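Visitor: I am new to reading protein models. Could you take me through this one, step by step?

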Amino acid sequence: MLDSLVVEANIIFAALIKKSGNFKLISLLPKVGIKLYSPEFVFEEIRKREEKLLKFSGLNLFELRFLINKLFKPIKSVSKSEYESLLAEAKDIFPGHPKDSAYFALALKLKTPLWSNEKLHKKQSKVKVYSTSELVKEVGMKS
C-alpha cells in the first residue's frame, strides 16, 4: 500500500492555478495516511513565482498566500543535506534535467514514489512515478 510520496513543484503550481484535483489530493492524502514530502527549495520556488501565480490563478495576494500555506501544511519540507548523498545517482536518471535530480534523490532516499505529471519521468525504472490521474485511481479517490 502507498504510504508516502515525493511531490514535485509542478503539482503544487497546478493546484494553485486551477484549484484542480491536485489541490484536493494534497489536502486529502494525509487524511488517508499518505505522507507527503518535497525538497525544501520548492516552497521558495513557489514564493518566487507569486506574480505569475497571481496572473494565472485570478487570486489576489492574500488568497494566494492563504492557499500556499494551506497546501504546504501537509507537505514535509526536506533539506538537501538529507538526500544529498543520492544526488549523483539521481542525476544519472535524467542527466539533461538537473533540477529534477532533487526529487529523484529524495524519492530514492525515502524509498517512495514521485508524484509528477511530467511524462519524461516515466521513462526510467529507478523510481515509481504517479501522475495525478494514476494517483486518484491508486488511492480510490474521485478527482
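Guide: Start with a definition: buried means under 20% relative accessible area, exposed means over 50%, and partly exposed lies in between. Keep in mind that this is a predicted model.

Visitor: Is Phe43 buried, exposed or partly exposed?
Guide: Take its relative accessible area, which is 30%. Under 20% would be buried and over 50% exposed. So Phe43 is partly exposed.

Visitor: And is Phe72 buried or exposed?
Guide: Phe72 has a relative accessibility of 14%. The cut-off for burial is under 20%. Therefore Phe72 counts as buried.

Visitor: How are the rings of Phe43 and Phe72 arranged as a pair?
Guide: The structure holds 2 aromatic pairs, so let us look at one. The ring centres of Phe43 and Phe72 are 4.9 Å apart, and the planes stand at 90 degrees. Planes over 60 degrees apart count as edge-to-face. So this pair is edge-to-face.

Visitor: How many residues apart are Phe43 and Phe72?
Guide: Phe43 sits in helix H3, and Phe72 sits in helix H5, residues 61-72. The pair links distant parts of the chain. The separation is 29 residues.

Visitor: How is H3 oriented to H5?
Guide: Their axes are 12 Å apart and the packing angle is about 165 degrees. Angles over 145 degrees count as roughly antiparallel. So H3 is, to H5, roughly antiparallel.

Visitor: How many residues of the contact of H3 with H5 are nonpolar?
Guide: From H3 come Val42, Phe43, Ile46 and Arg47. From H5 come Arg65, Ile68, Asn69 and Phe72. By class, 2 are charged, 1 is polar, and the nonpolar ones number 5.

Visitor: How is H1 oriented to H3?
Guide: Helix H1 spans residues 9-18 and helix H3 spans residues 41-48. Their axes come within 10 Å and cross at roughly 40 degrees. That angle makes H1, relative to H3, oblique.

Visitor: Which residues of H3 make the contact with H1?
Guide: H1 brings Ala9, Ile12, Phe13 and Leu16. The contact has 6 nonpolar residues, no polar ones and 1 charged. On the H3 side are Val42, Glu45 and Ile46.

Visitor: How many residues of helix H7 are buried?
Guide: H7 covers residues 101-110, 10 residues in total. The buried ones include Tyr103, Phe104 and Leu106. H7 is largely enclosed by the rest of the structure, because its buried residues number 8.

Visitor: Which residue just after H7 takes a positive phi?
Guide: Step just past the end of H7. There the phi is about 55 degrees, in Lys111.

Note on methods. Residues are numbered from 1 along each chain as its sequence is written. This is a predicted model: local features need pLDDT of at least 70, side-chain atom pairs count only at pLDDT 80 or more; totals for chains, interfaces and linings use all residues. Side-chain values use heavy atoms; hydrogens and water are left out. Axes are lines fitted to C-alpha atoms, for helices over the stretch in contact, and angles run from 0 to 180 degrees between N-to-C directions. Helices (H or I, at least four residues) and strands (E, at least two) are DSSP runs, numbered from the N terminus. Angles under 35 degrees count as roughly parallel, over 145 as roughly antiparallel, 65 to 115 as roughly perpendicular and the rest as oblique. Contact means heavy atoms within 4.5 Å. Ala, Val, Leu, Ile, Met, Phe, Trp, Tyr, Cys and Pro count as nonpolar, Asp, Glu, Lys and Arg as charged, and the others, Gly among them, as polar. Rings of Phe, Tyr and Trp (its six-membered ring) pair if their centres lie within 6.5 Å; planes under 30 degrees apart count as stacked, over 60 as edge-to-face and the rest as tilted. Buried means under 20% relative accessible area, exposed over 50%, partly exposed in between (1.4 Å probe, protein chains only).
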